[in-house]
Amino acid sequence: MGAELPPSHYENASIVVPSTVRRSAQPSSIEQEVMEMFDEFRHPLLRYSLSFGLTIHDAEEVIQEVFMALFRHLHLGRSRRNLRGWLFRVAHNLALKQRIANQASSQRTAGDASLADEHADPAPGPEEQLTAAQRRGFLQAVARALPENDQHCLRLRAEGLRYREIATVLGMSLGAVSVSLTRSLARLARADGR
Amino acid sequence: MLHKDSHQANLHIPDEELVRSADGELSPQRTTEVDTHLKACWDCRARMEEFQSTITGFVRDHHAEFDGQLPPGDGPRALLRARLAEWSDQSTTGWWKRVFHFGVPQMAVVGLSLIAIVTGISWFRQASQKPSYVLFDEEAAPNRSLTPGATRQVALSEVCSVPREEVIGNVPGALRQRVLLEYGISNARPEDYEIDYLIAPRLGGTEDIRNLWPEPYRTRVWNAHVKDALEQRLHEMVCSGQLDLSTAQHDIATDWIAAYKKYFHTDQPLVSHSSIGAATVLELGRVISSPV
């Protein structure tokens with residue numbers, strides 16, 4: 001997995017800029033830095049946000065908020081350690097929040113007596129699941145059946161995050177990340193081999 | 001677990017170590033040991049290749065599932081840049097620095113002066129017994145936290161081929177109710193509010209709850225007719241190449257009244273844009289220009 005994913009120079013950003021330099025940095029230089037990180041991480045963050053089931057529009061909005069938060073974070077001279085992990089953590093939290101809001105909103109809409117499909121089962125049926133699997137790829141369909149945290153681990157790893165970064169994003173131990181990835185890959189491999 | 005002892009060659013490397021080895025998450029020493037074992041053990045090598053194959057397949061599918069949905073980044077990039085610039089402009093850091101450099105005695109004098117001025121104005125307003133006028137309608141602008149604006153990815157050619165549409169009344173009933181509820185408005189009559197788009201569809205706005213807000217019909221100055229005029233103006237500027245679409249979206253979403261003032265170079269709605277009539281505008285003009 002690691003061999004295919006080029007490391008980002010933000011990955012091991014333990015090269016901490018001295019606080020005196022940070023404080024004196026002008027907003028314009030921070031803006032420039034944020035825009036560079038936007039260019040580098042927009043696609044990985046979008047894919048990760050979309051994996052929460054958000055629409056592309058919601059995901060774009062999440063990404064905008066992530067980079068506004070990054071700008072404020074840097075502007076206040078806060079830690080620059082592991083900024084890639086920081087970005088994914090913020091995106092994770094915002095995407096989760098957006099998904100909860102969407103669910104609450106759809107529940108409110110579903111509560112409207114005027115809707116004809118009030119009692120429709122939101123879960124896709126077996127045929128729909130098969131169609132989705134055929135369309136998106138078999139492994140993705142299997143991955144969607146994994147526990148949610150395992151899915152997050154897999155997708156974060158697929159976006160190039162190292163174990164310690166994944167642990168930071170998801171609030172897990174390094175060992176738990178390792179176990180989760182192994183369990184998921186073993187399950188995917190078994191399904192793939194059938 | 002790997003053992004160097006050749007008698008225990010059948011003790012294979014656990015799956016977790018294989019995965020960690022593939023991911024470069026083992027210590028250098030352990031990585032060397034695992035590599036050595038893999039050279040000798042076909043069974044472990046086969047399992048390792050199985051993991052590698054699964055990883056390759058998963059990453060390929062992961063990208064295939066989402067990459068087709070990813071729109072070009074130019075628009076979002078421009079929007080982010082505009083938001084950052086706006087934030088920088090509004091940042092109070094410099095202002096506070098100047099205040100603290102001012103010194104405590106000077107700050108105390110300024111503070112007391114401000115209190116005196118505010119008290120004086122308050123007293124004068126009470127003494128004059130004049131009615132207080134709301135110069136700007138409080139509900140004319142949406143709550144930005146509830147209605148930040150929402151856009152879709154749209155080509156300029158599509159934007160410029162959209163005719164001037166009538167958007168009033170197009171919002172479905174259920175969505176209308178959601179918007180009103182979000183703003184804490186209950187028991188509203190249909191004639192009280194128009195559910196208006198913050199970023200008009202002809203500027204790439206979407207029928208999304210974050211792009212809709214209840215605009216009261218009772219607003220007199222900065223009303224829907226004035227906003228329509230701004231939308232038309234921005235549409236013309238975008239389609240004539242005078243203005244970037246993302247800038248137009250940003251400006252109208254941030255503060256449409258400020259955008260109107262900016263693009264029409266005026267502090268008040270033009271008479272031709274307001275439905276309240278010239279006489280009323282003149283009347284309001286007198287109110288605005290009269291001392292408080």
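Me: Which residues have the most contacts inside the largest nonpolar core?

Reply: This is a predicted model. In its largest nonpolar core, of 60 residues, those with the most contacts are A:Val34, A:Leu45, A:Val66, A:Leu87 and A:Ala91. H2(A) gives the largest share of this core, nine residues.

Me: What makes A:Leu87 a contact partner of other residues, and which residues does A:Leu87 touch?

Reply: Two residues are in contact if their C-beta atoms, placed from the backbone, lie within 7 Å. Leaving out residues up to four places away in sequence, A:Leu87 touches A:Phe41, A:Leu45, A:Val66 and A:Leu70.

Me: What does a second, separate core include?

Reply: That core has 22 residues. B:Ile195, B:Tyr197, B:Ala200 and B:Trp222 are among them.

Me: Why is B:Asp228 called partly exposed?

Reply: Buried needs 20 or more other C-beta atoms within 10 Å, and exposed needs 12 or fewer. B:Asp228 has 18 C-beta neighbours inside 10 Å, so B:Asp228 counts as partly exposed.

Me: Where does B:Asp228 lie?

Reply: B:Asp228 lies in helix H9 of chain B, residues 224–239. Its C-alpha atom is separated by 8.8 Å from that of B:Ala200, 28 residues apart along the chain.

Me: Which residues of H9(B) and H11(B) meet?

Reply: From H9(B) come B:Val226, B:Lys227, B:Leu230, B:Arg233 and B:Leu234. In H11(B) they meet B:Trp256, B:Ala259, B:Tyr260, B:Tyr263 and B:Phe264. By class, this contact of H9(B) with H11(B) has eight nonpolar, no polar and two charged residues.

Me: Why are H9(B) and H10(B) called roughly antiparallel?

Reply: The axes of H9(B) and helix H10 (residues 245–254) of chain B cross at roughly 165° and come within 9 Å. Angles over 145 degrees count as roughly antiparallel. H9(B) and H10(B) are therefore roughly antiparallel to each other. Their crossing is right-handed.

Me: What meets what in H9(B) and H10(B)?

Reply: B:Leu230, B:Leu234, B:Met237 and B:Val238 of H9(B) meet B:Leu245, B:Ala248 and B:Ile252 of H10(B). The contact of H9(B) with H10(B) divides into seven nonpolar, no polar and no charged residues.

Me: What makes H1(B) oblique to H3(B)?

Reply: Helix H1 (residues 15–22) and helix H3 (residues 42–67) of chain B pack at about 55°, with their axes 10 Å apart. That makes H1(B) oblique to H3(B). H1(B) passes H3(B) in a right-handed crossing. H1(B) brings B:Asp15, B:Leu18, B:Val19 and B:Ala22 to the contact. H3(B) brings B:Cys44, B:Arg47, B:Met48, B:Phe51, B:Gln52 and B:Ile55. By class, the contact of H1(B) with H3(B) has seven nonpolar, one polar and two charged residues.

Me: How many residues does each chain give to the contact of chain A with chain B?

Reply: Chain A gives 44 residues and chain B gives 40 residues. On the side of chain A, the elements with two or more residues are H2 (27–50), H3 (56–75), H4 (83–110), H6 (138–144), H7 (148–158) and H9 (174–193). H2(A) provides the largest share, ten residues. That side of chain A has 23 nonpolar, eleven polar and ten charged residues.

Me: Which residues of H7(A) are buried?

Reply: The buried ones are A:His152, A:Cys153, A:Leu154, A:Arg155, A:Leu156, A:Arg157 and A:Ala158. Just after H7(A), A:Gly160 takes a positive phi of about 100°.

Me: How many helices and strands does each chain have?

Reply: Chain A has nine helices and zero strands. Chain B has twelve helices and two strands. Of the 194 residues of chain A, 36% count as buried. In chain B, buried residues make up 25% of the 292 residues.

Technical notes:
Residues numbered from 1 in each chain as written. Chains lettered and ligands numbered in written order. Predicted model: local features only at pLDDT ≥ 70, side-chain atom pairs only at ≥ 80, totals over all residues. Helix = DSSP H or I, 4+ residues; strand = E, 2+ residues; numbered from the N terminus. Nonpolar A, V, L, I, M, F, W, Y, C, P; charged D, E, K, R; others polar. Core = buried A, V, L, I, M, F, W, Y, C linked by C-beta atoms within 7 Å. Axes fitted to C-alpha atoms, helices over the stretch in contact; angles between N-to-C directions. Parallel < 35°, antiparallel > 145°, perpendicular 65-115°, else oblique. Left-handed = near helix turned anticlockwise from the far one by under 90°.
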